[in-house]
Amino acid sequence: MSKLTKNQKAAIEKVEKGKAYRLSDAAALLKEITFTKFDASVDIDVRLGVDPRKSNQMVRGVVTLPHGTGKTVRVLVLCTPDKEAEAKEAGADYYGLDEYVEKIKAGWTDVDVIITTPNVMGKVGALGRILGPRGLMPNPKTGTVTMEIGKAVKEVKAGKIDFRVDKFGIVHSSIGKVSFTPEQITDNAIEFVQALIKLKPATAKGTYVKSIYLSSTMSPGLQIDPKTTDPKNK
């Protein structure tokens, strides 16, 4: 087991064991216990009271974070020539069809989001084995299969993210950077949790939001009091 660094020890000492923090307090503390030399991501983990093995308890959706993610999102639009100008104007990094289909077949997946139109899903669907495991497969439920290419690109660039519960009942996502203000981190976290609450399956019984943890790259996790993710209580 590797030894803790001086900074890691200092970070752990600042965290009260077993305490459920107010979200706003955790957002401020997170900046104090992060010592990376780069602008670390702020991550949120929410354990839900659902059984993901049941199709009627699968939680999946999209949310647009009010302050974005802090990341530069690389967007590929797979479309016919008549949509290329719209994709370019909206800020897509790559756009086209056949040449990119062939590149992906050859192993190229150097993008964060792929958006496409319904009329080319026949060609895109053939890439499922490559794109699926990487979380890049376009899906109408997440707004990445649409005729409104320009709108979709702008939303993704502005901070729209998609999420889904994993097999353990946990939803994990990056919701910002440590360079964000505590208020920005708080706002993004509230927006994310409220999006999850709106998606509560009718068949989910008992406590829905079981636990929430906030952390940054290489920082200790901070347990959050779920009540403080209500906009009225922040």
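Is T80 buried or exposed in this structure? T80 is buried, with a relative accessible area of 19%; buried stands for under 20% relative accessible area, exposed for over 50%, and partly exposed for what lies in between, with a 1.4 Å probe and protein chains only. The structure is a predicted model, in which local features need pLDDT of at least 70 and side-chain atom pairs count only at pLDDT 80 or more, while totals for chains, interfaces and linings use all residues. Residues are numbered from 1 along each chain as its sequence is written, and side-chain values use heavy atoms, with hydrogens and water left out.

T80 is placed in the loop between β3 (75-78) and α3; helices (H or I, at least four residues) and strands (E, at least two) are DSSP runs, numbered from the N terminus. The side chains of T80 and D82 make a polar contact at 2.5 Å. A polar contact is a pair of N or O atoms within 3.5 Å; within protein, one must be able to donate a hydrogen and the other to accept it, and residues adjacent in sequence count only if both atoms are side-chain atoms. When neighbours within four places in sequence are left aside, T80 is in contact (heavy atoms within 4.5 Å) with N119 and V120.

Salt bridges were searched for across the whole structure, and 10 were found. Side chains of opposite charge can pair when their charged atoms come close. The term covers a side-chain nitrogen of Lys or Arg within 4 Å of a carboxyl oxygen of Asp or Glu. K157 is partly exposed at 32% relative accessibility, and D93 is partly exposed at 36%.

K160 and E155 form another salt bridge, with an N to O distance of 3.2 Å. Here K160 is buried, at a relative accessible area of 17%, whereas E155 is partly exposed at 26%. In the salt bridge between E16 and K19, the closest N and O atoms are 3.6 Å apart. E16 has a relative accessible area of 48% and is partly exposed; K19, at 33%, is partly exposed as well. R74, D110 and D112 are linked in a network of salt bridges.

Two or more lining residues come from each of β2 (60-64), β5 (113-116), β6 (160-164) and β7 (170-177). The most come from β6, which gives five.

Most residues other than glycine have a negative phi. M218 has a positive phi, near 75°. M218 is found in the loop between β8 (209-216) and β9 (222-224) and is exposed at 64% relative accessibility.
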